[in-house]
Amino acid sequence: MDSPSTPSRSQSQQQQQQQQQQQLRIPSAGGLVANPTAGGGAQDPAAPPAQKVKQLIVVRSPTIDLDVYIANYTGVGRINRLEFIAAVCPELRVDALRIALADLKATMNVPRYHSILSKLNEELRSRGLPETAADSGWMESTQRSIRAKTDRLETELRNYKTNLIKESIRMGHQDLGDHYASFGDYTSALRFYSRTRDYCTTPKHMIDMCFNVIKISLETQNYVNVQSYVSKAEGITDVADRTLVLSKLKCCSGLVHLANGKFKSAARSFLDVSFQMNNGFSEVLSANDVATYGSLCALASFERSELKNKVFDNSEFKQYLELEPQIREILELFYSSKYGQCLSLLAKMRDDFLLDIHLQEHLDAIYSNIRRTALVQYFSPFLSVDLSRMAKSFNTDVASLEAELAALIVNNSIAARIDSHNKVLRIKRTDQRTAVFEKTIKMGHEHQKQARHLMLRISLMRQELHVGVERELA
C-alpha cells in the first residue's frame, strides 16, 4: 500500500523545490518586491549592491482613478507601479493586483505571476472573498516556451559566432537579452546586452545598446550604471531624432538625480525634456510624470529668478504643464507669493503623490524644501514681519512658525532675529559705516601685499637672480 504513494510524494517534493527556485528569481520592482528570506547563498557579482528595505507610507485616502492613471504606462514599468500601489494603498490593492496579474499574462514572467497571485489571494482571504485560481495551463506552457526559446537562441548564437557574422552576433546577444528580460532574469539580460557593445557598427546600434542597459539598470536600481550609459549615449551625435533620444536620456538622468535626492539637478533634467517625446517613453515614465517631477523639484530647489527663467519662460515645459492643471496652479500660486493657498493645495495632493513609485521616498524632503523656500521668500522684502500675520498666511500657529524660523536662522537661511515678546521677526541690521571701513582696510592690506611682491620681483630681476627647480642630472 505504501509503494504507490512514494512516487507521488517525491513528485510533490520536486514541485515544491521548483516553486522555491522560481521564487528566488522573482525580480524586485523598484526594490520593493524582494524576497529576503529566500536562498542564503552568495550574491551574484554581476548584480547591483543590495538595496536597503524602504519604509513605505500607507495611503488611506487616494483620489486618483486607477484605470485612468495606469493607462499612461506600458510594459514592466506599468506592472511595477501597480505592485507599488498595491503595497501602499489598501483601498486600491485588489484592483491593482488584478490588473497586474492580467498584464503579466502578456509576458513570460511566471515567477512574478505566481508572486502577484499569492499576494492577491492573501488579500482576498483577509476580506472573506473567493480566491483567484492560478492559470496552470498558461504557466506550464510558458515555462516550456522559455526553455525551448532559450535553447534555440543559444544555438543560433553559437552558429553566428562560428560563421563570424558581426551583425548576426550582435542580434543574437540582443535577442537573448530581450528573452531573459521577458521573464525577469535581469542579471543574464544585462550580461547579454552589455556584450552587444563589441559588435555595434552604427550609432543606432550603440544607442539601442545603451537604452537596453539603462532600462535594466533602472529596474535593478543600479543608478551608477544608468548614469554611466546615459553619458555614453549623450556622446553619440550622429543619430536620427537626436532631440527625442536626448529627451529620453534626460528623463533617465532626472530619475537618477531624484533617487539620490539631488532635486536641483533632477529639475534641470526634466525641464530640458522636449515635448516631442510626450508619452513616447511610457515604459519608464509618462508625460504627466515629467510635469510633476520637474515642477516639484523646481519648487524645492530653485530661486525665484531661476523659477521664472527655467519654468515659466520654458515653452516646451509649458506644454507638459497643460497635462497637469493642478501642478500648474501650484506653480502660479507659489510665484504669486500666495504661499498659504499653494501649501494647502500641495497638502490635498499629497496622498496621490505618495502613490508614485519614484516620489514617495522623497516627498517629505521635497515638501520641507518648498515650505522653507516659501518662508524665506515671504520675509525677504521686509525689514520686520508680524508673526501672527505670517502664521495666518502659512496656515499654522505662532509657536510652530517661531520654531521653523528659529531653525532657518540657525542654518543662516534668514539673516534675522525673533522678538519673542512682541512676536515680530526683524531683519538683522548691519552697520554700513563699519562695513565700508572694514572693506576699505582689507583692500589696503591687499594692495600693500601686492606692492611688496612686485618690488621684490623687480629687485631680483635687477640682480639677475632667478628662482627655479633644480634639474636632475641624467
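A residue counts as buried when its relative accessible area is under 20%. Keep that cut-off in mind as you explore this predicted model.

Stop 1: Select C342. Its relative accessibility is 0%, so C342 is buried. Now select C297: at 1% relative accessible area, C297 is buried because that value is under 20%. While you have cysteines on screen, how many disulfides does the structure hold? The count is zero.

**Stop 2: the largest nonpolar core.** In soluble globular proteins, nonpolar side chains tend to be buried together. Here, the largest nonpolar core has 125 residues. Select L346, F353, I366 and I370, which touch the most other members. Which helix gives this core its largest share? Colour helix α13, residues 287-301, and you have found the helix, with nine residues in the core.

**Stop 3: around F353.** Zoom in on F353 and leave aside residues up to four places away in sequence. F353 then touches T292, L296, I327, L346, L359, Q360, L363 and Y367. You have already met L346, another of the core residues that touch the most other members.

**Stop 4: a pair of helices.** Turn the view to look at how they cross: α13 passes α16 in a left-handed crossing.

Finally, show the side chains where the helices meet. From α13, pick A291, T292, S295 and L299; in α16 they meet I327, I330, L331 and F334.

Technical notes:
Residues are numbered from 1 along each chain as its sequence is written. This is a predicted model: local features need pLDDT of at least 70, side-chain atom pairs count only at pLDDT 80 or more; totals for chains, interfaces and linings use all residues. Side-chain values use heavy atoms; hydrogens and water are left out. A disulfide is a pair of cysteine sulfur atoms within 2.5 Å. Buried means under 20% relative accessible area, exposed over 50%, partly exposed in between (1.4 Å probe, protein chains only). A nonpolar core is a set of buried Ala, Val, Leu, Ile, Met, Phe, Trp, Tyr and Cys residues joined through side-chain atoms within 4.5 Å. Helices (H or I, at least four residues) and strands (E, at least two) are DSSP runs, numbered from the N terminus. Contact means heavy atoms within 4.5 Å. A crossing is left-handed if the near helix is turned anticlockwise from the far one by less than a right angle, and right-handed if clockwise.
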